[in-house]
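Visitor: I have a structure open and want a quick tour. Can we go through it piece by piece?
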Protein chains: 2
Amino acid sequence: MNLKHSKQRDSIMEFLRERKDHPTADVVYMNVRKTFPNISLGTVYRNLTLLADIGEISRIRVGDGVDHFDADTSPHYHFICKECGSVIDLEMEDMTDINETANKNFSGLIEGHITYFYGKCGNCSTKS
Amino acid sequence: MNLKHSKQRDSIMEFLRERKDHPTADVVYMNVRKTFPNISLGTVYRNLTLLADIGEISRIRVGDGVDHFDADTSPHYHFICKECGSVIDLEMEDMTDINETANKNFSGLIEGHITYFYGKCGNCSTKS
DNA sequence: CTAATATCAGTAATAGTTACTACTTTTGAA
DNA sequence: TTCAAAAGTAGTAACTATTACTGATATTAG
């Protein structure tokens, strides 16, 4: 894979790094457009996919039908608010041990797991 | 919600019950068509959504972009094979305790979690 | 039996994402 | 430095999974 430099990709990367939430492709598009007014949505998608493939960012799928992206590739868990839909980082240690637990009565090979938590976020639970 | 009886819905329910894997709407459609040759894909989707809403079946989202459906609504975890994409039930106890662990450094309210494991299934790991 | 209404088949519409195409940048070597 | 190969881009078309709409049909309570 022979990467070439691109201002658009830099801008996408930069935007993702300065956000602590986990924007969707569309949100990235809306914001990078402030710097590159005629960047294409296709370019955003292609670069997000590329960056995820080479491990620069990670793609988060929380079952809301939209992919979220995160510049923080260190292993960590996510919380999804059922009320407002926001995706929030959780501070807790990695549960690698559950892979072995799952492998006990299983004929294949378990390499990892994906876990996300759901409920009401701080904002939404104080509101109601 | 005032439900009326429908042969089509029965057939969808029956098909789901006789399958141990976790078919997608399209697979349900293909198979129910053997009994109802001109059932509509829209009907399949509408009934799967309805059945999931009233808790008769459960919708499984494993991040492959397609919804899977399961007539077994008892709480259990799933495994997804990275090779062939099949979704398999795992025999392991519920990890309700991880919700409390996650709640320790979190300001909101954690109501539950979704976990699925990935790797190579029995079939695919013996093949390679 | 019949009227109210849930459900249906068929089809159009939508959302998110990927693919295609002709043009533009980047980059490494001449 | 220049210049062409390769990677990237904007714009747009296409695709996939799903939902919404519409006029006809089936179910069921009274």
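Guide: Domain bounds here come from an automatic or database domain assignment. Keep in mind that this is a predicted model.

Visitor: What does the domain assignment give for chain A?

Guide: Domain 1 covers 7-70 and domain 2 covers 77-127 in chain A. Their centres, taken over C-alpha atoms, are separated by 23 Å.

Visitor: How many residues of domain 1 of chain A are in contact with domain 2 of chain A?
Guide: Nine, and they meet six residues of domain 2 of chain A. About 540 Å² is buried between the two domains of chain A, with carbon and sulfur atoms giving 59% of that.

Visitor: Which residues of domain 1 of chain A lose the most area to domain 2 of chain A?
Guide: H22(A), I60(A) and V62(A). Together they make up 67% of what the domain 1 side buries.

Visitor: Switching to H68(A). Where is it?
Guide: H68(A) sits in strand 2 (residues 67-70) of chain A.

Visitor: Is H68(A) buried or exposed, and why?
Guide: H68(A) counts as buried because its relative accessibility is 7%, and the cut-off for buried is under 20%.

Visitor: What does its side chain make polar contact with?
Guide: The side chain of H68(A) makes a polar contact with the side chain of D64(A), at 2.9 Å. A polar atom of the H68(A) side chain also lies 2.7 Å from the backbone oxygen of H22(A). Beyond four places in sequence, the contacts of H68(A) include P23(A), T24(A), S58(A) and V87(A).

Visitor: Now the chains. How many residues of chain B are in contact with chain A?
Guide: 33 residues of chain B are in contact with 33 residues of chain A. The area buried between the chains is about 2,800 Å², and carbon and sulfur atoms give 63% of it.

Visitor: How many salt bridges between chain B and chain A?
Guide: Two. E111(A) forms a salt bridge with K82(B), where the closest N and O atoms are 3.0 Å apart. Polar contacts between chain B and chain A come to 15 residue pairs, both residues at pLDDT 80 or more.

Visitor: Which element gives the largest share of the chain B side?
Guide: Strand 5 of chain B, with twelve residues. The chain B side divides into 15 nonpolar, twelve polar and six charged residues.

Notes
Residues are numbered from 1 along each chain as its sequence is written. Chains are lettered from A and ligands numbered from 1 in the order in which they are written. This is a predicted model: local features need pLDDT of at least 70, side-chain atom pairs count only at pLDDT 80 or more; totals for chains, interfaces and linings use all residues. Side-chain values use heavy atoms; hydrogens and water are left out. Helices (H or I, at least four residues) and strands (E, at least two) are DSSP runs, numbered from the N terminus. Buried means under 20% relative accessible area, exposed over 50%, partly exposed in between (1.4 Å probe, protein chains only). A polar contact is a pair of N or O atoms within 3.5 Å; within protein, one must be able to donate a hydrogen and the other to accept it, and residues adjacent in sequence count only if both atoms are side-chain atoms. Contact means heavy atoms within 4.5 Å. Buried area is the accessible area (1.4 Å probe) that two parts lose on being put together, summed over both. A salt bridge is a side-chain nitrogen of Lys or Arg within 4 Å of a carboxyl oxygen of Asp or Glu. Ala, Val, Leu, Ile, Met, Phe, Trp, Tyr, Cys and Pro count as nonpolar, Asp, Glu, Lys and Arg as charged, and the others, Gly among them, as polar.
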